[in-house]
Amino acid sequence: MNPLVIIGTGLAGYGLAKELRKLKDSRPITLITGDDGSFYSKPMLSSALAQNKDAQGLVMASAEQMSEQLDAQVLTHTFVDHIEPAKRQVVLTDGQVVSYAQLVLAVGANPIQLPFRGTGASDVMQVNSLADYAQWRDRLKDVEKVILIGPGLIGCEFANDLLKVGKKVALVGPDPWPISTLIPEKAGRALQQVLKKVGAQWHLETFNGAIEKEGRHYQTTLKNGTVVDGDLVLSAVGLKPNVDMAKAAGLAVNRGIVTNEYLQTSDPHIYALGDCAEVNGANLPYVQPLMVGGRALAATLAHKPTPVIYPIMPVVIKTTLHPIVTMPPGDRAGSWFMSHTPKGVMGRYMGEGGVLEGFVLTGEHTKLKSTLVKEMQTAIAA
């Protein structure tokens, strides 16, 4: 019956199964997950405090409900020992063997682990799952100030969430300005100023040394000599695609699991989807690319080979105190043209021939997203 096995029950894994069932594909589907299989949106973890949601409040469906909805087997609290591509088998840690006709790796990305040292190093928190969030929310109950390591996209979203529930935040990192890998300086500075007004402390272009614990408090001396203290430390320095399982199976890996435009790995019977995948050289750890990829892969698996063709996909950053939408230009030749008003920043990245190749919008200017997307679409179609 051409069984499909999906490792991972995040937005990628469950999303693919949903798309297949929409296509009336009735093949047996088995999903394997190391957690309880709850269906939720992981990007919500960095904005759930302000919405007053506990971990259970983020769950949209249980594993049992998803199993019934998808007419699929969901193996929860189950771990893969290794994959045997030659036999088309997934071997579980308990020795059970799950056979497949096609296998999809939807194993996501893991938080980057920094080599922390000091008496408080083992207490540094990271939030990348429902269980992490439950612990995070519980630990925050008696906390006044958080030391947040990482002023990138994820770190700034967590800072925004903490500030909205009345916590103080000290953001630390070597970055020249907030979210510097995605947005130009003027946009980053605009966010920096707004968050500073509501209680954020910024320690940029420096980094922390040892994290020392004194009673219930933590302290770190930065490389520039500044001493920062707080009641809790959160590391939010970014994510790294989970490639270990694929690498052990002999699949080609780079930053992510290497795939072609059909999301097919170096083994023709194994595919990769979502944050773990590197599609034609691009690793795009955002929701929209995942959804586009899921629809294309479902069609391919349903015997209608469909390449992934990404539309213009702006990144929406959930810093609601000063919202940001950006369409990074990548390595396209061109220049930024920036305007800064009390409403926020608008930046247009103009390429050769005066063509819009990217943009950034902050504050109230985010309302212009659709207009700029249409402008880019028109230029591509011309």
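Strands β4 and β5 form a hairpin in which four residues lie between the two strands, and R88 in the turn has a positive phi of about 55 degrees. The structure described here is a predicted model. Pairing between β4 (residues 80–84) and β5 (residues 89–92) is antiparallel and extends over four bridges. Within this pairing, I83 has V90 of β5 as its bridge partner.

For H77, a residue other than glycine, phi is positive and near 50 degrees. H77 belongs to the loop that connects β3 (73–75) with β4. The side of the accessibility scale on which H77 falls is clear: its relative accessible area is 55%, so the residue is exposed. N280, likewise a residue other than glycine, has a positive phi near 50 degrees. The position of N280 is in the loop between β19 (277–279) and α8. With a relative accessible area of 54%, N280 is exposed. As background to these values, most residues other than glycine have a negative phi.

Strand β1 (residues 4–7) is covered on both faces. L4 and I6 are buried on one side of the strand, and V5 and I7 are buried on the other. β1 is joined by four bridges to strand β7 (residues 102–105), and the two strands run parallel. V5 has L103 as its bridge partner in β7. A parallel arrangement is also found between β1 and strand β2 (residues 29–32), again with four bridges. In this case I6 is partnered by L31 of β2. Together with helix α1 (residues 11–22), strands β1 and β2 make up a right-handed β-α-β unit.

Y14 is located in helix α1. Its relative accessible area is 0%, and Y14 is therefore buried. Beyond residues up to four places away in sequence, Y14 touches G8, T9, L31, G37, S38, F39, A63, M66, L70 and V74. One of these contacts, L31, is the bridge partner of I6 in β2. Another, F39, is 25 residues from Y14 along the chain, and the C-alpha atoms of Y14 and F39 are separated by 7.6 Å.

S41 is placed in the loop between β2 and α2 (55–58). Because its relative accessibility is 18%, which is under the 20% limit, S41 counts as buried. When neighbours within four places in sequence are left aside, S41 is in contact with L11 and M60.

L301 lies in helix α8 (residues 287–301). This residue is buried, with a relative accessible area of 4%. Apart from residues up to four places away in sequence, L301 touches L4, L16, L20, D25, R27, Q102, V104 and Y271. Among these contacts, L4 is one of the buried residues of β1.

Helix α9 (residues 369–381) comprises 13 residues. From its first C-alpha to its last, α9 reaches 18 Å, close to the 18 Å expected at 1.5 Å a residue. Residues L372, V373 and M376 of α9 are buried. These residues lie on the same side of α9 because they cover an arc of only 105 degrees around the axis.

C156 has a relative accessibility of 0% and counts as buried. C276 likewise counts as buried, at 0% relative accessibility.

Methods
Residues are numbered from 1 along each chain as its sequence is written. This is a predicted model: local features need pLDDT of at least 70, side-chain atom pairs count only at pLDDT 80 or more; totals for chains, interfaces and linings use all residues. Side-chain values use heavy atoms; hydrogens and water are left out. The expected span of a helix is 1.5 Å times one less than its number of residues. Buried means under 20% relative accessible area, exposed over 50%, partly exposed in between (1.4 Å probe, protein chains only). The arc is that of the directions from the helix axis to the C-beta atoms. Two strands pair if DSSP finds at least two bridges between them. A crossover is right-handed if, with the strands pointing away from the viewer, the path from the first strand over the helix to the second runs clockwise. Contact means heavy atoms within 4.5 Å.
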